[in-house]
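The sequence and coordinates are shown first.

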Amino acid sequence: MISYRAYRRDFVGGMRAMVPWLIGVAPFGLVIGVSAAQADIPTLAGWLTGPTIFAGSAQIATIQMLDAGAAPYAVIVTAMVINLRLILYSGAMATYWRGTPLWWRLLGGYLLIDPSFVVGVERYDRESDRRRGHAHYLGGAVVLWVCWLAVMAVGATAGARLPNGLRLEFLIPLFLIGEIVPKLRQVATRRAVLAAAAVAVACLSVPMHLGIAIGIVAGIAAGARTRPKAIKQEAVSTEEGHR
Amino acid sequence: MNAWTVVLAAGFGSYLFRMSMIGAPGWIHLPARLDDSAALVAPSAFAALAATSIAGSVLGAGVPQAFVPLAAAAVAVVAVIRTGSTYAAVLAGMPTLWILTALTTA
């Protein structure tokens with residue numbers, strides 16, 4: 001059992017470690033909030049993607065596809081495909097959380113997403129006392145959750161007041177372009193992006209808007225095929241650089 | 001199924017994914033291949049979403065207006081390459097969209 005003071009110190013440490021992530025994800029949350037307000041669905045339903053799905057890219061896909069009138073099953077399948085990585089995070093955290101109370105695993109699992117995963121694992125790897133690692137994870141994850149929902153609410157409130165003539169629906173594709181372009185230097189990612197975009201556009205007329213899900217799967221397949229080769233190439237160039 | 005039900009179902013499915021291995025017996029492990037592919041999910045999803053959204057704007061517009069989203073997207077790509085900042089896409093793309101929309105509809 002660790003003292004309340006030590007627990008609080010580690011909890012606050014986790015909150016501090018999350019700050020750089022908050023700066024990075026806040027604009028993303030704002031854009032999602034604005035798109036929730038502009039989409040042809042109840043604004044509150046769009047905002048509700050925050051506490052329920054709690055994963056930015058899957059939230060965007062859900063809001064955009066609902067706005068476009070996609071079939072419900074296609075929306076759910078697409079969100080699930082995007083969130084497949086959560087199974088990997090779950091697998092990694094399972095080793096740290098073995099033996100914890102059920103309430104902890106239910107809560108920790110709910111808050112598990114890219115930033116909380118990275119902040120949590122980074123501390124678990126350095127800390128021999130798991131309980132202190134748990135406090136650190138929870139501190140970071142809770143502050144992320146609160147800030148994420150808050151910035152989405154700000155975006156949704158502002159988005160509802162802005163005129164349609166501003167074409168704010170275009171914020172999301174532009175934001176996504178900003179996220180994609182810096183990653184195009186990696187061969188596997190570049191092939192994944194090109195394949196996903198090409199297949200998704202080619203499948204625009206596929207019923208139930210399933211083209212997005214098909215495009216995502218095609219992108220992952222194209223990138224995964226080239227990945228071992230790319231990793232080898234990177235290893236070779238690194239070795240050459242050391243010589 | 002309305003928007004509320006879809007959001008709740010997607011949220012429930014996401015929670016099941018989060019709990020899948022946390023609640024599984026310790027001897028169950030994920031294949032390494034799946035681990036390798038995880039980093040490709042977000043870029044693929046972003047590309048598919050952005051491409052279909054832009055294509056939708058292009059296909060739904062007339063001849064001069066159809067070029068507006070394409071031009072805004074192109075400016076966004078160049079802005080990110082030139083500045084290295086992810087937010088440059090929005091900061092350069094949205095004004096381009098507004099200006100070209102005003103010019104083509106005038």
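## Basis

This is a predicted model, in which local features need pLDDT of at least 70 and side-chain atom pairs count only at pLDDT 80 or more, while totals for chains, interfaces and linings use all residues. Residues are numbered from 1 along each chain as its sequence is written, and chains are lettered from A and ligands numbered from 1 in the order in which they are written.

## Chain A

Chain A contains eleven helices and zero strands, where helices (H or I, at least four residues) and strands (E, at least two) are DSSP runs numbered from the N terminus. The C-alpha trace of chain A spans about 60 × 55 × 30 Å along its principal axes.

Of the 243 residues of chain A, 49% count as buried; a residue is buried if 20 or more other C-beta atoms lie within 10 Å of its own, exposed if 12 or fewer, and partly exposed in between, with C-beta atoms placed from the backbone. Among contacts in chain A with a separation of 6 or more, 71% join residues 24 or more positions apart; two residues are in contact if their C-beta atoms, placed from the backbone, lie within 7 Å.

## Helix 2 of chain A

Helix 2 of chain A is largely enclosed by the rest of the structure, because eight of its eleven residues are buried. The buried residues include A:Trp47, A:Leu48 and A:Ile53. Their packing partners are helix 1 (4-38), helix 3, helix 4 and helix 8 (130-161) of chain A, together with helix 1 (3-20) of chain B. After helix 2 of chain A comes A:Phe54, with a positive phi near 50°.

## Nonpolar core

The largest nonpolar core has 109 residues; such a core is a set of buried Ala, Val, Leu, Ile, Met, Phe, Trp, Tyr and Cys residues joined through C-beta atoms within 7 Å. Those with the most contacts inside it are A:Ile177, A:Ala196, B:Ala48, B:Ala76 and B:Ala89.

Leaving aside neighbours within four places in sequence, A:Ala196 is in contact with residues including A:Gly215, A:Ile216, B:Ala47 and B:Ala48.

## Interface with chain B

In chain A, 71 residues are in contact with 60 residues of chain B. Helix 9 of chain A gives the most to the side of chain A that touches chain B, with ten residues.
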